[in-house]
Amino acid sequence: KETGYEAMAKHVFNTLQPYRAPAWTELLKYKPNKRLVLCMSPTPIHRWNIPGVPEDFQLFIKRDDLTGSTLTGNKARKLEFLFADVLERGCDCVVTSGGFQSNHCRAAALVAAQCGMEAHLMTFPMKNSATVPIRTYVDIVGWFIMIHD
């Protein structure tokens, strides 16, 4: 069994590390063999006791707030594999798309900046959405944004 220090040593953020895909991926055509460490994983799953829920019903919550990353949990896990592939291929920029305030676009652009790459975001406006938050990031990390109607 690993000590706490050994477990922490595996989580050196922004390092490319070997990855062994689980057995259930055996039939997949593409299996990642590296990951760019962006978060501490796995995050715990806690039983959630809510008053009024029947006793024979159990509720659990995945604690993605405990990844140790500024990125949201599911985005960080996905981007660990995508950016490992991007880095292995020697890319110098990434292109992605989503709604104007897409959390995926925001997270991908931040990881790209951490890796010294340009991020090109192709976004589309969303009905009734404010435009301030993502424009603030444009000024901070220098994203290139194309807005499509």
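Predicted model: local features only at pLDDT ≥ 70, side-chain atom pairs only at ≥ 80, totals over all residues.

Trainee: Why is C115 called partly exposed?

Mentor: Its relative accessible area is 24%. That falls between the 20% and 50% cut-offs, so C115 counts as partly exposed.

Trainee: And what makes C39 buried?

Mentor: C39 has a relative accessible area of 0%. That is under 20%, so the label is buried.

Trainee: How many disulfides does the structure hold?

Mentor: It holds 0 disulfides. A disulfide needs a pair of cysteine sulfur atoms within 2.5 Å.

Trainee: How do you know that helix 3 is largely enclosed?

Mentor: Because 9 of its 12 residues are buried, the rest of the structure largely encloses it. Among the buried ones are H104, R106 and L110.

Trainee: What span is expected for helix 3, and what does it reach?

Mentor: Helix 3 covers residues 103-114 and reaches 17 Å from first C-alpha to last, close to the expected 16 Å.

Trainee: Which element gives the largest share of the largest nonpolar core?

Mentor: That core has 19 residues, and L38 and V111 are among those with the most contacts inside it. Helix 3 gives the largest share, 7 residues.

Trainee: Which residues does L38 touch?

Mentor: Leaving out residues up to four places away in sequence, L38 touches several, including F13, L71, L79 and V111.

Definitions and conventions:
Residues numbered from 1 in each chain as written. Heavy atoms only, no water. Helix = DSSP H or I, 4+ residues; strand = E, 2+ residues; numbered from the N terminus. Expected span 1.5 Å × (residues − 1). Buried < 20%, exposed > 50% of the residue type's maximum accessible area, 1.4 Å probe, protein only. Core = buried A, V, L, I, M, F, W, Y, C linked by side-chain atoms within 4.5 Å. Contact = heavy atoms within 4.5 Å.
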